[in-house]
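Subject: A structure for you to look at

Dear colleague,

Please find the structure below, and keep it open beside this message while you read. My notes follow it.

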Amino acid sequence: MNIQQLEYILAVDTFRHFAKAAEHCNVTQPTLSMMILKLEDEIGVKIFDRSMQPVKVTPTGRKVIEQARKILYQTSLIKDIVNEAEQSLKGTFRLAVLPTIAPYLLPRFFHKLTGSHPEMDIRILEMKTQPSINALINGEIDAAIIASLPGDKQLQYDTLYYEEFFGYISRNEAIFKNDLVRSADINEEKLWLLDEGHCFRDQLMRYCQMESVKINQAAYRLGSMETFMRMVESGNGITFIPELAVHQLSSEQKELVRPFAIPKPARQIILATRTDFIRSKLLSIIIESIRDNVPKQMHTLQAIQRIV
């Protein structure tokens, strides 16, 4: 048994396809298949059911894969210890970012960061909150930028900034003439909301006390924030956007933006890592770069704001 074989079985588990796993691992499919067969012969169990398409993991194989993931994570820490001791920024850093954060935050800091530190190899993945937390715990990623505090004791976090929510309102809506958005004024029938699983949606539903929205929004569910903004601009309904999104709007688009009444809803944006994460120098550089490239007033929670 060797590290390479463990990497191969994790790749097959991820892609559920031997050819795609081989491509990911930069080896030929016969090489990958042979190495996995050798491992199965050595431990005396079948990890994968090859008669199924896509490939299916056997019950015992699932336990083997879970243990392999732990072993590979612990092995990766050896390199991290060396890099941290040498204050090196080399090595792959896998960063998950929420889809409601990535389009507005990444353009502000990512190019500057990698330009200042070309030795960094940062891989960005857009993931929702729970998959991000699961990937962190499993050692599949190194950090996650999310908008809710992780409750798992295996995780720790640093606050990056606080971000206010804003209404984005069509000119055809009655509340367009209002200077402020009040939850009582929101007509759920004309509201564009993200699908379930987005904490952005959950936070606003709690704030606006929209318990019935799940029933009323069946036709509005599968979409993105950018799609909903285009719908509003075309004269149809209202949606909500985060503060950094406002900074990307044209002067004409900003005419559709309305702040909430006090207390203004906001979210706490954090960078979560495992408690055993070692590379503190690299992490501190990323945190500093993010904070330096968001407006200073967003560094602290304002008295008129409330976390939702």
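Two strands are said to pair if DSSP finds at least two bridges between them, and helices (H or I, at least four residues) and strands (E, at least two) are DSSP runs, numbered from the N terminus. This is a predicted model, in which local features need pLDDT of at least 70 and side-chain atom pairs count only at pLDDT 80 or more, while totals for chains, interfaces and linings use all residues. Residues are numbered from 1 along each chain as its sequence is written, and side-chain values use heavy atoms, with hydrogens and water left out.

Strand 3 (residues 92–97) pairs with strand 4 (residues 121–126) in the parallel sense over six bridges, and within this pairing Arg94 stands opposite Arg123 in strand 4. Strand 3 also pairs with strand 5 (residues 143–146), again in the parallel sense, over three bridges, where Leu95 stands opposite Ala143 in strand 5.

Turning to the helices, the axes of helix 5 (residues 102–116) and helix 12 (residues 280–292) come within 9 Å and cross at roughly 125 degrees; these axes are lines fitted to C-alpha atoms, for helices over the stretch in contact, and angles run from 0 to 180 degrees between N-to-C directions. The contact (heavy atoms within 4.5 Å) is made by Leu105, Phe109 and Leu113 of helix 5, together with Ile285, Ile286, Ser289 and Ile290 of helix 12.

Best wishes
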